[in-house]
Amino acid sequence: MADALPPLREVVARYGLDAKRSLGQNFLFDLNLTARIARAAGPFDDTTIVEIGPGPGGLTRALLEQGARVIAVERDPRCLPALAEIAAYYPGRLTIIEGDALEMDVAALVRSYAPVVPDAREMSDRESSAKSDSAVAMDSRSGLRPVGNDSRRSARICANLPYNVATALLTKWIAAEPWPSVFDRYVLMFQREVALRIVATPKERADYGRLAVLCGWRTKARILFDVSPAAFTPPPKVTSSVIELTPNPKPLHCDPRALARVTQAAFGQRRKMLRQSLKSLGVDASALLAAAGIDETKRAEEIDVAGFVALANALSAQ
Ligand code: SAM
């Protein structure tokens, strides 16, 4: 292995990685904290981590240090040389993808770059020999073998997300089809205010909304710990939280697009009764509520996830 990696602050200075607000750049240099986040995403075993926004690579280093294989998606080309140094230090364990994570199918990245999980019970002799033959087809940057399906891959997303696109990314991942996806867990840093909106139930009325319904439908979400603004460079104005979302393998059946429509209509006018707010769907709101078995005088914040699923299914049936 090459000499130890240089300190992050030195790397940031060397490559001129001044934080850009437009890219939600708040970097972590505290090694104890990056190690703590990485531990929350472990254990790694045969799991590939997809990291969104590695930046200069603080969390990436911690993940690799703890034994993960990482596919890192970074939009800022200025960060690529710093990430290439890390890839050279951990040969074959870090794949760097330049681009906008919002435009990417992250499950497809796993199919392309994560190895299949070795499983002696499943792997036939024929497959084993094909696997060793395939060394010639390895990806030149990562050393990982591009492969075709994800049924025997294990993957997880771990990221200190860029705040300006964090909820858009999460919504995209949780609404993705098919479900469950290849990811067995999501360990993500958000602004605390957003984290509270993700884990809220109807009991926390002010925070309960579209995000909580979507995440509550397909995952079990919990806040792991808070992170003070002082931990970041530059410090954001607010406290952050690391959350964990564990996919529910069998969520109640419903079309995510219908769920998005009913929650948008209901929470768009959250102080109004549902018989009024759901009119914006352009349907007979009273009939929809009756079909879903919901009292039409209720307000959005009084309806639990199962209620919204019933409404979405009633909408789909129209
Ligand atoms: N992981 C690093 C850390 O913890 O120090 C940086 C985290 S910083 C909050 C967010 C990172 O996401 C930045 O490196 C930024 O350039 C990157 N980023 C912003 N928008 C992105 C996008 N749409 N796709 C991929 N990366 C993005």
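**A walk through the buried parts of the model**

Hi everyone, let's start with Phe183: setting aside its neighbours within four places in sequence, Phe183 is in contact with Ala155, Arg156, Ile157 and Pro247. Before I go on, please keep in mind that this is a predicted model. Phe183 sits in strand β6, which covers residues 183-191. Is Phe183 buried or exposed? Phe183 counts as buried, because there are 24 C-beta neighbours inside 10 Å. For a sense of scale, Gly16 is 167 residues away from Phe183 along the chain, and their C-alpha atoms are separated by 34 Å.

The largest nonpolar core has 94 residues, and the members that touch the most others are Leu63, Ile157, Ile198 and Leu311. Which helix gives this core its largest share? That is α13, residues 305-317, with 8 residues. As for Ile198, its contacts beyond four places in sequence are Phe190, Leu211, Ala212, Cys215, Ala221 and Ile243.

Two of those contacts, Leu211 and Cys215, come up again where helices α7 and α9 meet. Helix α7 runs over residues 166-174 and helix α9 over residues 210-218; they pack at about 35 degrees, with axes 10 Å apart. Their crossing is left-handed. On the α7 side the contact uses Thr167, Thr171 and Ile174, and on the α9 side Leu211, Leu214, Cys215 and Arg218. By type, the residues of this contact are 4 nonpolar, 2 polar and 1 charged.

Now over to helix α12, residues 285-292. Which of its residues are buried? They are Ala285, Leu288, Leu289 and Ala292. Looking down the axis of α12, these buried residues fall within an arc of 95 degrees, so they line one face of the helix. In general, an α-helix has 3.6 residues a turn, so residues three or four places apart point the same way. The cover over the buried residues of α12 includes α11, residues 274-277, and α13.

Just after α12 comes Gly293, with a positive phi of about 70 degrees. Then there is Ile294, in the loop between α12 and α13. Ile294 is buried, because 20 other C-beta atoms lie within 10 Å. Beyond four places in sequence, Ile294 is in contact with Leu274, Leu289, Ile303, Gly307, Ala310 and Leu311. How far apart in space are Ile294 and Leu311? They are 8.3 Å apart, C-alpha to C-alpha, and 17 residues apart in sequence. And with Leu311 we are back at the core, where Leu311 is among the residues touching the most other members.

Key:
Residues numbered from 1 in each chain as written. Predicted model: local features only at pLDDT ≥ 70, side-chain atom pairs only at ≥ 80, totals over all residues. Core = buried A, V, L, I, M, F, W, Y, C linked by C-beta atoms within 7 Å. Buried ≥ 20, exposed ≤ 12 C-beta atoms within 10 Å, placed from the backbone. Helix = DSSP H or I, 4+ residues; strand = E, 2+ residues; numbered from the N terminus. Contact = placed C-beta atoms within 7 Å. Arc of directions from axis to C-beta. Axes fitted to C-alpha atoms, helices over the stretch in contact; angles between N-to-C directions. Left-handed = near helix turned anticlockwise from the far one by under 90°. Nonpolar A, V, L, I, M, F, W, Y, C, P; charged D, E, K, R; others polar.
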